[in-house]
Amino acid sequence: MSQAPLILTLELDEAAFAEFDGQRRRHFPPALNKIPAHVTLFHHLPGEEERAVVEALAASVRAEAPMPVEVAGLRFIGRGVAYTLASSRLSALRGRLATTFEPWLTPQDRQGYRPHVTVQNKVAPEEARALHRELEASFVPRTITGTGLLLWRYLGGPWEPRGRFPFGGA
């Protein structure tokens with residue numbers, strides 16, 4: 001199982017995580033909701049390179065302070081809804097890590113980075129449109145905090161935690 005791919009996500013402050021994860025539990029089909037709410041930085045890093053990935057992450061977070069992340073809006077994604085996020089510091093960190101991990105990046109991870117938190121997916125488009133309208137009606141942009149990085153192993157559905165890398169000032 002050590003060959004299973006690794007996933008890298010942003011750790012959020014407790015209140016933001018609780019809010020997004022609560023919405024995900026309410027709006028995601030229960031049989032398909034195998035993972036917590038998350039902000040993915042990389043979808044597929046090689047499991048066989050876990051040690052090198054861990055070393056790179058440990059080095060990258062030392063000088064990184066907790067970062068503001070703007071919850072900028074909502075996006076209808078066809079069969080679900082996601083909150084769009086914006087953070088120049090997050091994008092810069094992700095860019096530096098992409099350079100480090102460049103030989104291992106899949107086509108998906110080479111695409112432009114658009115951070116988001118999906119709170120609903122794999123539902124009928126009408127259900128997704130209704131939730132998008134509902135959330136949009138009360139949406140107010142706000143700032144949350146990214147507090148570190150989380151490394152996971154993909155297990156064909158659920159994810160296994162493999163490491164937590166708090167930002168230096170966290």
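In this predicted model, the axes of helix H2 (residues 50-61) and helix H3 (residues 88-101) come within 11 Å and cross at roughly 150°. Axes are lines fitted to C-alpha atoms, for helices over the stretch in contact, with angles running from 0 to 180 degrees between N-to-C directions. The crossing of H2 past H3 is right-handed (the near helix is turned clockwise from the far one by less than a right angle). From H2, Val 53, Ala 56, Leu 57 and Ser 60 meet Leu 93, Leu 97, Thr 100 and Phe 101 of H3 (contact means heavy atoms within 4.5 Å).

Residues are numbered from 1 along each chain as its sequence is written. Local features need pLDDT of at least 70, side-chain atom pairs count only at pLDDT 80 or more, and totals for chains, interfaces and linings use all residues, while side-chain values use heavy atoms, without hydrogens and water.

The protein has five helices and seven strands (DSSP runs numbered from the N terminus: helices are H or I, at least four residues; strands are E, at least two). Along the sequence, their pattern is β-α-β-α-β-β-α-α-β-α-β-β. The C-alpha atoms fill a box of roughly 45 × 35 × 25 Å along the principal axes.

Strand S2 (39-45), helix H4 (107-110) and strand S5 (116-120) each supply at least two lining residues. S2 gives the largest share, four residues.
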